[in-house]
Amino acid sequence: MKETLLWDERKCRVCGCTDLDCSGCIEKTGEPCYWVEEDLCSACADQIGTPD
Ligand SMILES: [Zn+2]
Ligand SMILES: [Zn+2]
């Protein structure tokens, strides 16, 4: 069985923002984040970087 997250249940593992509450990211980056991983938003991906 594949684990699937519903869109409205997504939550960033770093900053804890969701699609419904992304004000923290907007304060930090000036724009709403998008999802770069299932539980990592673009605002935090910029901070921690992405291993290759
Ligand atoms: Zn985040
Ligand atoms: Zn966000």
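## Nonpolar core

The largest nonpolar core holds 7 residues: C12, C17, C25, C33, C41, A43 and C44. A nonpolar core here is a set of buried Ala, Val, Leu, Ile, Met, Phe, Trp, Tyr and Cys residues joined through C-beta atoms within 7 Å. A residue is buried if 20 or more other C-beta atoms lie within 10 Å of its own, exposed if 12 or fewer, and partly exposed in between, with C-beta atoms placed from the backbone. Buried residues make up 13% of the 52 residues in the protein chain. In soluble globular proteins, nonpolar side chains tend to be buried together.

One member of this core, C17, touches C12, C22, G24, C25, C33 and C41, leaving out residues up to four places away in sequence. Two residues are in contact if their C-beta atoms, placed from the backbone, lie within 7 Å.

## Model and confidence

This is a predicted model, in which local features need pLDDT of at least 70 and side-chain atom pairs count only at pLDDT 80 or more, while totals for chains, interfaces and linings use all residues. Residues are numbered from 1 along each chain as its sequence is written, and chains are lettered from A and ligands numbered from 1 in the order in which they are written.

The protein chain averages a pLDDT (the predictor's confidence in each residue, from 0 to 100) of 85, and 77% of the residues score at least 70.

## Secondary structure and contacts

The protein chain has 2 helices and 2 strands, and their pattern along the sequence is α-β-β-α. Helices (H or I, at least four residues) and strands (E, at least two) are DSSP runs, numbered from the N terminus. Of the contacts in the protein chain with a separation of 6 or more, 40% are between residues 24 or more positions apart.

## Segment before α1

R13 is found in the segment before α1. R13 counts as exposed because it has 11 C-beta neighbours inside 10 Å. Leaving aside neighbours within four places in sequence, R13 is in contact with D39 and L40. R13 and L40 are 27 residues apart along the chain, with 5.9 Å between their C-alpha atoms.

T18 also lies in the segment before α1. T18 is partly exposed because 13 other C-beta atoms lie within 10 Å. Not counting residues up to four places away in sequence, T18 touches R10 and K11. The C-alpha atoms of T18 and C33, 15 residues apart along the chain, are separated by 9.4 Å.

## Loop residues

P32 lies in the loop between α1 (23-29) and β1 (35-37). With 14 C-beta neighbours inside 10 Å, P32 counts as partly exposed. P32 touches C22, C25 and I26, residues up to four places away in sequence not being counted. From P32 to D19 the C-alpha distance is 9.1 Å, and the two are 13 residues apart in sequence.

D39 is found in the loop between β1 and β2. D39 has 13 C-beta neighbours inside 10 Å and therefore counts as partly exposed. Not counting residues up to four places away in sequence, D39 touches R10, K11, C12 and R13. D39 and C12 are 27 residues apart in sequence and 4.6 Å apart in space, C-alpha to C-alpha.
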